[in-house]
Amino acid sequence: MFLIIVDLAMIFLLFLIWGIAGFRVGHLAFVSTESRIRSSVRGNIVLLGFGVLLLLGKIVTTSILGSIGWLFIRDTVNLQFVLIVLPIASALVFSVPRLLNIVRSGINGSEQATEAIDRAALSTPALVLPIQAAGLGSAMDLILTLFFPAKSMQWSNLVVSLAIFAAVIGVLWVIQLRRFQTIDRSEGRSNIRPTHRALRISISMLLVIIGVSSWFMLSSQASRIPDRMSMMSGKMDFGGAAVTTGHDMSVMNHTASDSSKTVSVTDLVGPQNGEPDKKFTLTAEKKTVQLPTGATIDAWTYNGQSPGPELRVKQGDLVEVTLVNKDIEEGVTLHWHGQNVPNGEDGVSGLTQDAVMPGQSFTYRFRANQAGSYWYHSHQQSSEQVEKGLFGAFIVEPRNNQRSEAEDIVVMNHTWSSTNGSSAGLLDTLERRKVASGSPVRLRLINTDNKPISFYLTGTKYKVAAIDGTDLNAPTDLNAPTDLQSNRLELAAGGRYDLTFIMPDKPVLLSTGSSANGILLSADGKGAAPEIVKGPVFDPLSYGSPKTTPFGQDSHYDREFVMVIDNKLAFFDGKFGRFHSINGEVFPNTPMFMVKEGDLVKTTFVNRSFVPHPMHLHGHKMLVLSRNGKPAAGSPWWTDTLNVNPGEIYEVGFRADNPGIWMDHCHNLKHAAEGMMLHLAYEGVTSPFEVGHATQNQPE
Ligand code: C2O
Ligand code: CU
């Protein structure tokens, strides 16, 4: 993370130094007196020295980043070699000896310069061009890094950048050649008249300004999300698979152009008939609620509560939930985060349904096939609605198992902004609970915030029994060997950890790092919170024991997708700013990952930005294969929301076994709302729903 910033700083400094050097060297011919020329040349030599040192530094940072994984630097290396390394190398070969000659000429032992400087030599293209090329190259590198990261992963874009570079060098060459010839003839200072020169410079400046501002205006226009658009209009990425016949646009045109028939998301639904095993009604309404801390929240609630009611079902139950919208003008939905429901029940506005407006209702029916800790939330305007309180826990208990723990406690981490403007969290006070010693306890941690949170369980050894709802194989004790120090559990935004332990005969504290808040379990509901001694961070990559999985690192993958995440300057829906991009793009220009039912799919996440991104795929569980090239070595780690930290590369695999069009986005919902999302689409599936300013649908 630190390295990513240093690397960026180097790119900026390279541009600064080589830009100045290129500018100065181009104007040597116009410097009036010889002594000034000499000092200017000396200054340039010093600058070049710095520039070369910077280049060496850049090579070091790039190679360290490259050691994380080739994908980290693949695109930058190709470009930077041509844009920076080559010009600087040629500056060393061609320019530096000539500059040194100029300084030396005329200094014959005496302090006074006697011999005249060969003024024509000052504008030899061989002297000037390499330095100007390095200046131009580093400027282009900076622009590409800030505005077009990851774009050069595609060959076509790489070629375009290089062509522009070559063209500008060509123009500079011609300018320099003319300058050289005019000087040669007049045997003295350049005979280009200063007024001409000033005129020429201003005209070129003007052209640049016009060019840049029209590019800004056009990009701003182009980024506007149209009044109506299908969420499937993204550029299709087939993940390296040979594209089957009739592929092109049969999906986009909503028509079948080959033998395979298309199916609408509205047909991909749960069992429509049959008595549900569990039936709930959730009514979305605005309500002022009071948190345990006493803070009041103007919340958006389900059934007047925030968090909404805890829904508990048994694995295999046919669940029917009726969503009623009382008064949320923006419309609401229900999404079953992490539970692989049929696509039509997934609750994404504009993709699998229209947002449910005030007075309307919508019924979800599905079988809860996966036991574990899940949660539900509105997937309309989610960045706002989840924060305001439209979420709750969705717990699926194992089928035949009687509840295996006497105490099964859901702990949600959520932060609202309270009515007085400050932020208020669920874990802001110390909540006491009575738990008899000797009884088995399960804590279900659910992070509904936008950022990862650190939890500490203090006063007992314990196991992480499940991640994102899936049980781990042979989990071992944490806080081991004694319970004197507490491992740090870093829980992804949107992610879940289940912790299990047998209640000891002393108090146990679940906290976020301070003993003044959290949940204190004790036999009598009294007692002091134990002191927290912070231990090492829990790493799921090597926790528990391996077990056979349906596929793994060595399997053959039918499709392989890459998501390179950058922080870039861009336009999103007409607004200019810094956004998190996937493969250099923000929605709606992000790619659409295309799969066929049955495909084995690999996705690689590369985080080159400065903040963590919890990557969430709907409708499927991803098996973590490796992190930064290190294969997963513990229990199979199935996830639906994977926290990818800056400087990390994760490979995950999943089976495309749930046809539909699925969101694949960052669960920092602010990022998603700013375009950090794309879709995983099965070939042949269509959606009649639309997003855009003229619709009520705004999924993020
Ligand atoms: Cu929890 Cu797409 O969401
Ligand atoms: Cu993000």
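This report walks through the domains, a copper site and several strands of a predicted model.

## Ground rules

The model is predicted, so local features need pLDDT of at least 70, side-chain atom pairs count only at pLDDT 80 or more, and totals for chains, interfaces and linings use all residues. Residues are numbered from 1 along each chain as its sequence is written, chains are lettered from A and ligands numbered from 1 in the order in which they are written, and side-chain values use heavy atoms, with hydrogens and water left out.

## Domains

The chain splits into domain 1 (2–187), domain 2 (236–261 + 548–686), domain 3 (271–400) and domain 4 (403–538); such bounds come from an automatic or database domain assignment. Between the C-alpha centres of domain 1 and domain 3 there are 59 Å.

## The copper site

Three residues hold the copper ion (ligand 2): His613 through ND1, Cys666 through SG and His671 through ND1, at 2.0 to 2.1 Å. Donors here are N, O and S atoms within 2.8 Å of the metal (3.2 Å for Na, K and Ca), and water is not among the atoms, so sites may look incomplete. Along the sequence, the donor residues follow the spacing H-x52-C-x4-H. His613 sits in strand E29 (residues 613–617) and His671 in helix H8 (residues 669–673), so this pair links parts of the chain 58 residues apart. Helices (H or I, at least four residues) and strands (E, at least two) are DSSP runs, numbered from the N terminus.

Are the two histidines buried or exposed? His613 is buried at 0% relative accessibility, and His671 is buried too, at 11%. Buried means under 20% relative accessible area, exposed over 50%, and partly exposed in between (1.4 Å probe, protein chains only).

## Ser626 and its surroundings

Ser626 belongs to strand E30 (residues 622–627) and is buried, with a relative accessible area of 2%. Its side chain makes a polar contact of 2.7 Å with that of Glu651. That term covers a pair of N or O atoms within 3.5 Å; within protein, one must be able to donate a hydrogen and the other to accept it, and residues adjacent in sequence count only if both atoms are side-chain atoms.

Leaving aside neighbours within four places in sequence, Ser626 also has contacts (heavy atoms within 4.5 Å) that include Gln553, Pro631 and Tyr650.

## Strand E27

All five residues of strand E27 (residues 591–595) are buried. In a regular strand, side chains alternate between the two faces of the sheet. In E27, Pro591, Phe593 and Val595 are on one side, with Met592 and Met594 on the other.

E27 pairs in the parallel sense with strand E2 (residues 235–237) over three bridges, where Asp237 has Phe593 as its bridge partner. Pairing requires that DSSP finds at least two bridges between two strands. E27 also runs parallel to strand E36 (residues 677–682), joined by four bridges, with Met594 opposite Ala681.

Strand E4 (residues 278–290) has seven bridges to strand E7 (residues 318–325), running parallel, and seven to strand E5 (residues 296–302), running antiparallel. E4 and E5 form a hairpin with five residues between them, and Gly294 in the turn has a positive phi of about 100°.

Elsewhere, six strands make an open, mixed sheet in the order E15-E23-E22-E17-E20-E24. Strand E15 (430–434) and strand E24 (534–537) stand at the edges, each with a single partner strand, so one side of each lacks a neighbour in the sheet.
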